Amino acid sequence: MSSLSLGYDDLVKKLSYYAGWGFSTPTGDRLAMIDRCIQSGYRRFLTAYSWRFLRPLNTLETGAAGTAGAGTTGTTLVCSAGPFTEFMVGALVTFTSTENTYEIASVGDAQTVTLTEALDGDGVADAFTVTQYAVFDLPANFANLKGQRITFAENKDVPYIIVAGEARVRDSLRRSSSVGRPQLAAVRPKPHGGSDDEEQRYELVLWPRPDRAYVLEYRYQVLVSKLATGKYPIGGMEHGETIEAACMAAIERELEGPGPQDADFVRMLEVSKRKDNEHAPDYFGGRNLTSPDVERLQRSGLVVTYNGNTYPGVS
């Protein structure tokens, strides 16, 4: 992280100074109001544009790994790291040293499974992998999948995985228990426990069940958490001034109504958009963006847009 990044505590002091309460951290109702303005400004910045830093490329491995722990004996496999899920019934456990393979008969909890046959020469402290299951947890900050395809990281030549409706993938799994290279994928919400402090999570379902551990790549929309003491806003140093301007505009509205701080945010937002566009690809439709045609588009002030991304030529 850059030492020039603005954190939550820096914003608190800046807004406190603007409100006339000194360049320090206030308490009580004053701090509550400043926090409310910071969250409001941060939300305004995040929703003002389709930021590329909110659509990162992520990887997912279609397999789990662990080491057999105390209590592993007979048909019982225990791993304190908790790699097991309810969807691993029927999956295969392969021990690294012996290459022995066992099928999972049932899942007790995240740390314990029962195998269909007793362990033979494998036991405590032996490493293993789990493959051939269809459902995988997505990151806690996953909001939604971007795009209609998931690619294979280790082999760019194989066809991509098509993102389809959850019912279609679920029906395919019901009709066929085959394993192989995944061809279809769907995102679905995980069951929610109903608790107010429990966040909604999502999972990825694949068909057919992966026959081995593939590394998949996908792009997703990040679900951003609120700022708090000791935390830094997503976007980094290059958008720090814009985020600060959004928060200043929020406290200005709270104390005085819209004014010059709001106008300053609008100006800084355009700066941040241009910075964000610097991370765009240097080609469009197979043609280099420095070609004469695109240069004419840039001079004319026209905008080139593809897949929701705006490329050089924006004003």
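Let's begin with Arg188 and Glu166, whose side chains meet in a salt bridge at 3.1 Å, N to O. By salt bridge I mean a side-chain nitrogen of Lys or Arg within 4 Å of a carboxyl oxygen of Asp or Glu. This pair links distant parts of the chain, with Arg188 in strand S12 and Glu166 in helix H3 (residues 166-175), 22 residues apart.

A word on what you are looking at: this is a predicted model, where local features need pLDDT of at least 70 and side-chain atom pairs count only at pLDDT 80 or more, while totals for chains, interfaces and linings use all residues. Residues are numbered from 1 along each chain as its sequence is written, and side-chain values use heavy atoms, with hydrogens and water left out.

Helices and strands here are DSSP runs numbered from the N terminus, with helices being H or I of at least four residues and strands being E of at least two. On that basis the protein has 6 helices and 19 strands.

Are the two partners buried or exposed, or something in between? Arg188 counts as buried, at 16% relative accessibility, and Glu166 as partly exposed, at 23%. For these words, buried means under 20% relative accessible area, exposed means over 50%, and partly exposed is in between, using a 1.4 Å probe and protein chains only. Salt bridges that share partners join Asp137, Glu166, Arg170, Arg188, Lys190 and Glu203 into one network.

Asp137 and Lys190, both in that network, have side chains that meet in a salt bridge at 3.0 Å, N to O. Asp137 lies in strand S8 (residues 135-137) and Lys190 in the loop between strand S12 (184-189) and strand S13 (202-207), so this pair ties together parts that are 53 residues apart in sequence. Asp137 is partly exposed at 43% relative accessibility, and Lys190 is partly exposed at 23%.

The side chains of Asp276 and Arg52 meet in a salt bridge at 3.1 Å, N to O. Asp276 sits in helix H5 and Arg52 in the loop between helix H2 (28-47) and strand S1 (57-61), 224 residues apart. In total, the structure holds 16 salt bridges.

**How the helices pack**

On to the helices. The axes of H4 (residues 240-255) and H5 (residues 260-277) come within 8 Å and cross at roughly 160°. That makes H4 roughly antiparallel to H5. The axes are lines fitted to C-alpha atoms, for helices over the stretch in contact, and angles run from 0 to 180 degrees between N-to-C directions. Angles under 35 degrees count as roughly parallel, over 145 as roughly antiparallel, 65 to 115 as roughly perpendicular, and the rest as oblique.

Which residues make the contact of H4 with H5? Among them are Ala245, Ala249 and Arg253 of H4, and Phe265, Met268 and Leu269 of H5. Contact here means heavy atoms within 4.5 Å. The residues of this contact divide into 8 nonpolar, 3 polar and 5 charged. In that scheme Ala, Val, Leu, Ile, Met, Phe, Trp, Tyr, Cys and Pro count as nonpolar, Asp, Glu, Lys and Arg as charged, and the others, Gly among them, as polar.

H4 also packs with H2, at an angle of about 130° and with the axes 8 Å apart. H2 and H4 are therefore oblique to each other. Their contact includes Ile34, Cys37 and Phe45 of H2, along with Ile243, Ala246 and Leu255 of H4. By class, it has 13 nonpolar, 3 polar and 4 charged residues.

H2 in turn packs with H1 (residues 8-18), at about 115° with the axes 10 Å apart. Leu11 and Leu15 are among the H1 residues that meet H2, where Leu31 and Ile38 are among the partners.

Let me finish with Glu244, in helix H4. Glu244 counts as buried, at 14% relative accessibility. Not counting residues up to four places away in sequence, Glu244 touches Leu6, Leu11 and Lys14. Glu244 and Leu11 are 233 residues apart in sequence, yet 6.7 Å apart in space, C-alpha to C-alpha.
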